[in-house]
Amino acid sequence: MSQHDPRLGLLVRLSQLGIAFTVAVILMGAFTRLMDAGLGCPDWPGCYGQWVVPAPSVAETHASAVPLEPLKAWLEMIHRYLATMLGGMVVMMLVLGWSRRNRPGYPWRLTLGLLAVIGLQGAFGAFTVTLRLWPQVVTLHLLGGLLVMLMFLWLHLRLRALLMNASVVSRPLPRLSRWWGIAAMLLALQLALGGWTSSNYAGIACQGFPTCNGQWWPTMDWTEGFHLTQQLGPDYLHGKLHADARTTIHLTHRLGALALGLSLILLAARHWYEPRLRPWLTSMLAAYGLQVGLGIANVVLWLPLGLALAHTAGAVLLALAMALAAWHAKVGISSAGITQVQGVGKCAIT
């Protein structure tokens, strides 16, 4: 395959569009939650039994104890429409890539996996509503959205590499060092802690920075703060945990940010001698610094809507920056291996 493969070029553009679309879905979901609109439509997949937000007179006939609030209902339904369009985009990529599925280096399994994850995301979306914003499901729904975004990104990078230089992806990409694995694990943990903090409404449980409620180590309740099997329902809007449990969640999120920052600094120091990686490592560290700044601002300014949404966007940016840095590290190792093999071959021929 080459740069003159028009279908592959279309798939590259579709995967790029998929990244942007997924970011929009994630941010729309965050905005919906921040507007307390997660239950704007009390049923799923419709809204008061309809495919569009109905008139109040129609909503009143629906068997629901939740009164219709048109703005919140529309926010929820727009989020669902965007997510459905995202699934349609992946189906389109499967159709377009069917004839190339057996070609060396084509990411067919990744595309299938992406469709499966989006299907699972749809199920989490349904459970978010039917289980009335249960924090476990809300957190998994956020993590699933980030996973979809990263899978779209990886798909785009593999397709683009295949279009430009098939030799780079014609064989499995090599594994990265354990430093990358540690940083990725801590990032995933911190993203989960962020989702847990948000879904339990613990964003301002710690007032002030760097201390928490005027103390370095305030009174906390670890058992309740991370009780992952608590009783369901009836409604988790605005949270159900007491103050000490929310403080525990918030402070753990801060400590997780510190651990992640140390791991990213060590990772950057480990690879700083590689000039081709420096811009990507710098972007990764800059995204982390921005995210920390947004987190502090949210605490100091009492979680204003715009900054809270920006904090979610910062998490998205950090995940993308780290994935891009990891990709260039992988491709660099692979390219170096190919160059070395080619060099040995030339010597043998000579």
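Contact means heavy atoms within 4.5 Å. The exercises below use this term on a predicted model.

**Exercise 1.** Find where histidine 79 lies, decide whether it is buried or exposed, and list what it touches.

Solution. 
- Step 1. Histidine 79 is part of helix H3.
- Step 2. Its relative accessible area is 13%. Buried means under 20%, so histidine 79 is buried.
- Step 3. With neighbours up to four places away in sequence set aside, histidine 79 contacts Val25, Met28, Gly29, Thr32 and His141.

**Exercise 2.** Describe how helix H3 and helix H5 meet.

Solution. 
- Step 1. H3 covers residues 70–97 and H5 covers residues 135–164.
- Step 2. Their axes come within 13 Å and cross at roughly 30 degrees. The crossing is left-handed.
- Step 3. On the H3 side the contact is made by His79, Leu86, Val90 and Met93, and on the H5 side by His141, Val148, Phe152, Leu155 and Leu159.
- Step 4. Sorted by class, these residues give 7 nonpolar, 2 polar and no charged.

**Exercise 3.** Determine how helix H9 is oriented against helix H10, and which residues make the contact.

Solution. 
- Step 1. The axes of H9 (residues 243–271) and H10 (residues 278–300) come within 10 Å, with a crossing angle of roughly 160 degrees.
- Step 2. An angle over 145 degrees counts as roughly antiparallel, so H9 is roughly antiparallel to H10.
- Step 3. The crossing of H9 and H10 is left-handed.
- Step 4. H9 contributes His250, Arg254, Ala257, Leu258, Leu260, Gly261, Leu264, Ile265, Leu267, Ala268 and His271 to the contact, while H10 contributes Leu281, Met284, Leu285, Tyr288 and Val299.
- Step 5. These residues comprise 12 nonpolar, 3 polar and 1 charged.

**Exercise 4.** Identify the disulfides, give their handedness, and state how the cysteines are paired along the chain.

Solution. 
- Step 1. A disulfide is a covalent bond between the sulfur atoms of two cysteines. Sulfur atoms within 2.5 Å of each other qualify, and the count comes to 2 disulfides.
- Step 2. Another disulfide links cysteine 206 with cysteine 212, with the sulfur atoms 1.9 Å apart. This link is left-handed, with -80 degrees about the S-S bond. Cysteine 206 is buried at 0% relative accessibility, and cysteine 212 is buried at 0%.
- Step 3. Counting bonded cysteines along the chain, the pattern is 1-2, 3-4.

**Exercise 5.** Classify threonine 247 and threonine 229 as buried or exposed, and place each of them in the structure.

Solution. 
- Step 1. Threonine 247 lies in helix H9. Its relative accessibility is 4%, so threonine 247 counts as buried.
- Step 2. Beyond residues up to four places away in sequence, threonine 247 touches Ala205, Cys206, Cys212, Asn213, Pro218, Thr219 and Met220. Two of these, Cys206 and Cys212, form a disulfide.
- Step 3. Threonine 229 sits in the loop between helix H8 (222–225) and H9. Its relative accessibility is 66%, so threonine 229 counts as exposed.
- Step 4. From threonine 229 to methionine 149 the separation is 80 residues in sequence and 28 Å in space, C-alpha to C-alpha.

**Exercise 6.** Locate two cis peptide bonds that end in a proline, and two residues with positive phi that are not glycine.

Solution. 
- Step 1. Tryptophan 44 and proline 45 are joined by a cis peptide bond with omega about 5 degrees. Proline 45 belongs to the loop between helix H1 (6–34) and helix H2 (56–59).
- Step 2. The bond from phenylalanine 209 to proline 210 is also cis, with omega near 10 degrees. Proline 210 is in the loop between helix H7 (178–199) and H8.
- Step 3. Arginine 132 has phi near 60 degrees, and this residue is in the loop between helix H4 (108–130) and H5.
- Step 4. Tyrosine 201 has phi of about 55 degrees and is in the loop between H7 and H8. At 25% relative accessibility, tyrosine 201 counts as partly exposed.

Methods
Residues are numbered from 1 along each chain as its sequence is written. This is a predicted model: local features need pLDDT of at least 70, side-chain atom pairs count only at pLDDT 80 or more; totals for chains, interfaces and linings use all residues. Side-chain values use heavy atoms; hydrogens and water are left out. Axes are lines fitted to C-alpha atoms, for helices over the stretch in contact, and angles run from 0 to 180 degrees between N-to-C directions. Helices (H or I, at least four residues) and strands (E, at least two) are DSSP runs, numbered from the N terminus. Angles under 35 degrees count as roughly parallel, over 145 as roughly antiparallel, 65 to 115 as roughly perpendicular and the rest as oblique. A crossing is left-handed if the near helix is turned anticlockwise from the far one by less than a right angle, and right-handed if clockwise. Ala, Val, Leu, Ile, Met, Phe, Trp, Tyr, Cys and Pro count as nonpolar, Asp, Glu, Lys and Arg as charged, and the others, Gly among them, as polar. Buried means under 20% relative accessible area, exposed over 50%, partly exposed in between (1.4 Å probe, protein chains only).
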